[in-house]
Amino acid sequence: MLKKMGEAVARVARKVNETVESGSDTLELRLEGNFLHRLPSEVSALQHLKAIDLSRNQFQDFPEPLTALPALETINLEENEIVDVPVEKLAAMPALRSINLRFNPLNAEVRVIAPPLIKFDMLMSPEGERAPLP
């Protein structure tokens, strides 16, 4: 398990570094299925990023550095362990159009507060629903 995690971290670091070094024309970053529980700090440099896929990782906390990316339109956090979401910060994101939070154990407060505050699509599973087995 530790070897897998080490390989995943190295793979993610390479991908983020390649993305940062390639300049502002990068529009999408795919980091799904990498055992991540937090974002590398380099992600905050991706000011032109439009989409990020962080599905099937191990985030327990919403990766708040994403809320500072002005061009971000799509966030995929499906199949993580996120309980709470910074709804107010997400609502203030100028370009955000969609966030996928399906198969996360979101607390009831997020489910009640989010819909009236947001102007984008927020995908959530019914409370208590688990991801299908692979």
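Reply: The protein has 3 helices and 5 strands, where helices (H or I, at least four residues) and strands (E, at least two) are DSSP runs numbered from the N terminus, and along the sequence they follow the pattern α-β-β-β-α-β-α-β. This is a predicted model, in which local features need pLDDT of at least 70 and side-chain atom pairs count only at pLDDT 80 or more, while totals for chains, interfaces and linings use all residues. Residues are numbered from 1 along each chain as its sequence is written, and side-chain values use heavy atoms, with hydrogens and water left out.

The residue in question is Asn 80, which lies in the loop between strand S3 (74–76) and H2. Asn 80 counts as buried because its relative accessibility is 1%, buried meaning under 20% relative accessible area, exposed over 50% and partly exposed in between (1.4 Å probe, protein chains only).

Leaving aside neighbours within four places in sequence, Asn 80 is in contact (heavy atoms within 4.5 Å) with Leu 54, Ser 55, Arg 56, Asn 57, Gln 58, Phe 59, Phe 103, Asn 104 and Pro 105. Its side chain reaches the backbone nitrogen of Asn 57 at 3.4 Å, and the C-alpha atoms of Asn 80 and Gln 60, 20 residues apart along the chain, are separated by 6.9 Å.

Leu 54, for its part, touches residues including Leu 31, Leu 36, Leu 66 and Asn 80. Leu 54 is also among the residues with the most contacts inside the largest nonpolar core, which has 30 residues; such a core is a set of buried Ala, Val, Leu, Ile, Met, Phe, Trp, Tyr and Cys residues joined through side-chain atoms within 4.5 Å.

How values were computed
Polar contact = N/O pair within 3.5 Å; in protein donor to acceptor, adjacent residues only side chain to side chain.
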